[in-house]
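Here is a short report on charged side chains.

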Amino acid sequence: MNFCSMAKDNESGVVLLDKSFVVNYLPECSESQLKVYILGLTLCTLEQENNMEFLCDALSMEESEAEKIFGELADMGLVTITSYSPFSIKYKNIKSTFAKHYKKEKYADFNTQLEALFPSVAFTNINQYTVYYDFIEETKIKPEILITIARYCVNLKGEKIKPNYILTVARSWLDEGVRTLADVDEKIKQLELSSEALRMICKAVGKKSEIDIEDKDMYLKWSGSWGFELDAILFAAGTLKGKGGFAKLNNLLDEFYRNNAMSVKEMENYVAQKQARYQLAYAVNKTLGVYYESVDYIVEKYISNWLGKGFDKDSIMLVAEYCFNRSIRSLDGMNKCINKFYSEGCVNVGAINEHLASLMQRDMAIKKIIELTGYSRNVNNGDRDMYKVWTQLWNFDEAMIEYGASVCQGKTMSALNNLLAKWKNSNVYTIEEAKTLGSTPIAAAAPQTTYSKEQLAEYFYSLDDLDDIE
C-alpha cells in the first residue's frame, strides 16, 4: 500500500498546488506543514520513494513529527489519514473541502465568541469559521470547550495565532482525555503551575523565546506520564550544553526513559556506559581498519549486542585483533567470529585463548595422524569432522587412532575412517585387539599445552572455516 495517494477525484498525477490551497490554506500553514504537504503531494506521483522513511530523511525529521503534521493537515481538511499502522494518507481534492455547508444558526453563539477573541481580525470569509466547524463535527467536542481552549491560546500567544495552532492544541488535549470544561480548567491549572520549572529548563537548554503550550505539554509529559523529577530533567538538559532546545531534550529524556535511567545517578551511569561503548566502537573500527563518520548504528547493532552476550572490552578487542590478522576487515565478519566463540561459551580473554589452544592441540593431533598415513598437508574441516566422530562419537583414544593411521600408511583419511568404523562395529578398542591387522603403534608425542599470543593469533589466521567471512 502506498504511503501517499490521491483521492479518486484528485488523480491527475500532476504536482500542482491548487489556487484554493494557495489562497485559503498556505497563509495559515507553518513552514513544516508546507514542506510535508508539498513533498507528500509529490510522492503521490512516485513509486519507490513513496514511503515515510524517504519523506523523513528528505526533511530531516522524526517519523512521529511527520505523523503529527499530517494530523494537523487532516484537521485542516487537506488530507485524510487512511491508516495508522502502517501510516498512510490520502490527499483530498481542495475544491471538495469547501463543499460542506453549515446552517448559520447552529454556530451563531460560537461565531460571536470566536470573533470576540480576535477583535482586530475581520471575519469576512466563511472558511475562517468552517475550519472550526469541521473540527467540532469530527471530534464531537463541545463548542464552548473549544472556545475556552482558543481563549487560553490567544492569551498565551496573542491574536496573530493561527486556527491550525488552536486546533492542534485542542486535538492534543482531547487525546489526553480532556473532554469537559472541568478537564480544561484542570489542564490549564497544571500548565500554569509548571511555569517556574519551565523557566529553569529553558535556561538550561538555552531557550530564549517565550514559553509556549508545546513546551508546557512536554514538561507535563516528562514529569507526569514519564515520571522524571525536576532535578533529573535539569541534569539531562545540562548535558545538551545549550544545543537542540526542547526537541533534543525530549529525545534524550525518551532515551533515558526507555533505558530505565530515571534519577540523576542512573542517568550519570547510563551516560558513562554509553560513552564507554562509543569509545569501544571507535577502538574496534581502528583495529579492523574501517571508518564510519557516526558509530550510533555500530553501538546499537554490534557493541551493545556483544556486551549483552557477556563479552567485555578486552575480549572484544582481542577478537578484533585476531580478525585483523586473519584479514577479516568488516564488522559483520567480526560479528560472525564473535558468534563462533559465543557458541562455544567463550566470552572472556582467558576462555577465548583456552578454546583456541584446545583447537590447536586438536589440529596438531590430526596433523600427526595425517603424517602417520604418509602424507604432509594442512588440516582441513573434513579432517576435523572425522576426528570429532572418532573421538566423541566412536570413543577411540589418541593411541588407537594413531595406530590405525600407521596401519593405513600410504592410504587416505577415508581409508582410516573405514578401518576405525570396522573396529567400532567389531567392538575393538585396544591396540592388542587390533594387532591382527598388522603394524606396531607409534608412540605419541607429548602435546604442547601453553601457547603465546602470537601462536594463537597465527592459528586463528590459519582456520579455513573462516574463509567465507570478509
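## Charged side chains

Glu 432 and Lys 435 pair in a salt bridge, with their closest N and O atoms 3.2 Å apart. The model is predicted. Glu 432 is exposed, because its relative accessibility is 58% and the cut-off for exposed is over 50%. Lys 435 has 36% relative accessibility, so this residue counts as partly exposed.

The count of salt bridges comes to 13.

| Salt bridge | N to O distance |
|---|---|
| Glu 432 and Lys 435 | 3.2 Å |
| Lys 35 and Glu 31 | 3.2 Å |
| Arg 384 and Asp 363 | 2.8 Å |

Take the pair within a helix next. Lys 35 and Glu 31 meet through their side chains in a salt bridge. Both belong to helix H2, which spans residues 31-43. They are four residues apart there, so about one helical turn separates them. Is Glu 31 buried or exposed? Glu 31 is exposed, because its relative accessible area is 56%. Lys 35 is partly exposed, with 43% relative accessibility.

Now the pair between helices. The side chains of Arg 384 and Asp 363 form a salt bridge, N to O 2.8 Å. This pair links distant parts of the chain. Arg 384 lies in helix H19, residues 381-393. Asp 363 lies in helix H18, residues 349-372. The cut-off for buried is under 20% relative accessible area.

Salt bridges also join into a network. Which residues are linked in this way? They are Glu 176, Lys 187 and Asp 217.

Like charges gather elsewhere. A surface patch of negative charge is made up of Glu 53, Asp 57, Glu 62, Glu 63 and Glu 65. Which helices each supply at least two residues of the negative patch? They are helix H3 (52-59) and helix H4 (63-75). Glu 65 sits in helix H4. With 35% relative accessibility, Glu 65 counts as partly exposed.

Note on methods:
Residues numbered from 1 in each chain as written. Predicted model: local features only at pLDDT ≥ 70, side-chain atom pairs only at ≥ 80, totals over all residues. Heavy atoms only, no water. Patch = residues over 30% accessible without salt bridge, like charges linked within 9 Å, V, L, I, M, F, W, Y side chains within 5 Å. Areas by Shrake-Rupley, 256 points an atom, 1.4 Å probe, with all protein chains shown as cover. Salt bridge = Lys/Arg side-chain N within 4 Å of Asp/Glu carboxyl O. Lys, Arg positive; Asp, Glu negative; His and termini not counted. Charge placed at Lys NZ, Arg CZ, Asp CG, Glu CD. Buried < 20%, exposed > 50% of the residue type's maximum accessible area, 1.4 Å probe, protein only.
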